[in-house]
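Subject: Structure handover

Hello,

Here is the structure I promised. Please open it first, then read the notes below.

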Amino acid sequence: MKLKKQLMTPEIDGFYGAYYPNDRATDKAVILMLGDSSDDRMAVSGAKWVHMNGCHALCMSPDKKDYGHHSYPIERFGAAIGFLKDRGIRKIGIAGASTTGMLALVAASYYPEITLTIAISPSDFIMEAFYQDGKDGMRERPGDNESTVTWQGKQLPYLPYAYRHPEYWLKIQEASKAGRDMVASRPMFDESERLHPLQEEEKIKVERIRGHIIFIGAEDDVLWDTCKYIRRMEERLDTLPHDSTYTSLTYEFGTHFAFPESMLKIMLPAGGDLITRVFKSGREHPAECRAVREDIDARLTEALREW
């Protein structure tokens, strides 16, 4: 199934993105942040999955093709919301995974027009910037005194990484090799919080989010301790005034790639097994991981239907 596509740029539209209108008449749209481009295979698969669930899809990315995250202006989400409103969209949701799970929560905390927020494997704090530019042969490196996001031209406070370049990537490689995972950075994030206990100004203000929030995470996530972060966000919502409801979908297995199974089957005929096998837990617990993805699929499908 080939989708209609309209590309956007910051110079003209205020953000990098690709709009995939649904032929089905609907006033609902989901802003998606998947993959390293707004029109790569993962983004298109996500858009098709959103279409299956009766919504338009607007995929956004930091650049034309860049999975690094550094000084991303939150105002770009405001421009995207305006773009959707101009097209008669009445309900606007947002979904992200991994670093963009964090970004989805941040965006929703700034824009009350977003009434459904889906955060897969998120952190509960703003991360320090990182680049994937291959400097000195390292796949990834931290930014220098730079946040992943900005607001009104100012860097937002962030949790600093425990290590600097090039030790940052060398430590990730060390943890990945030790656990036999494609990539593992959980020890680094744990060490980051040990060296720099999380400060209030670095935490995502989830209590400002409107509508419904869905947190998704697995205990076997080796990139960071997302279930701990989700529990902290639950506690924040349970103790602070807020105008939202939330659902936490946390599992023993599922890996960092806790996506809906039918979305992964659009992208890969073999489904999520191929993706999760890059992690040791995915190889050792394929049936459990698949059951988790199928449950996530059913729960998100129901949430989109009820929204």
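Strand β12 (residues 211-218) has six of its eight residues buried, so the rest of the structure largely encloses it. Buried means under 20% relative accessible area, exposed over 50%, and partly exposed in between, with a 1.4 Å probe and protein chains only. Helices (H or I, at least four residues) and strands (E, at least two) are DSSP runs, numbered from the N terminus.

Before going on, some ground rules. This is a predicted model, where local features need pLDDT of at least 70, side-chain atom pairs count only at pLDDT 80 or more, and totals for chains, interfaces and linings use all residues. Residues are numbered from 1 along each chain as its sequence is written, and side-chain values use heavy atoms, with hydrogens and water left out.

What pairs with β12? β7 runs parallel to β12, joined by five bridges. Two strands pair if DSSP finds at least two bridges between them. I118 sits opposite I214 of β12. Strand β13 (residues 244-251) also pairs with β12 in the parallel sense, over eight bridges. There, G211 has S244 in β13 as its bridge partner.

β12, helix α6 (residues 226-239) and β13 form a right-handed β-α-β unit. Right-handed means that, with the strands pointing away from the viewer, the path from the first strand over the helix to the second runs clockwise.

**Cavities**

The whole structure was searched, and two cavities of 30 Å³ or more turned up. A cavity is a set of points on a 1 Å grid over the protein atoms alone where a 1.4 Å probe fits but cannot get out; lining residues have an atom within 4 Å of a point. Volume is the space filled by probe spheres set on the points.

- The largest cavity has about 120 Å³. Its lining has 16 residues, with L32, W49, A95, I120 and M263 nearest the centre. β3, α1, β6, β7 and α10 each give two or more residues to that lining. By class, 14 are nonpolar, two polar and none charged.
- The second largest cavity holds about 60 Å³. Its lining includes M33, H69 and Y72. Six lining residues are nonpolar, four polar and none charged.

Ala, Val, Leu, Ile, Met, Phe, Trp, Tyr, Cys and Pro count as nonpolar, Asp, Glu, Lys and Arg as charged, and the others, Gly among them, as polar.

**An exposed glycine**

G137 lies in the loop between β8 and β9. Its relative accessibility is 65%, so G137 counts as exposed. Its C-alpha atom is 9.0 Å from that of P166, 29 residues away along the chain.

Best wishes

Methods
1 Å grid on protein atoms, 1.4 Å probe; cavity = no way out; pocket = protein on both sides within 12 Å on 5 of 7 lines; lining within 4 Å.
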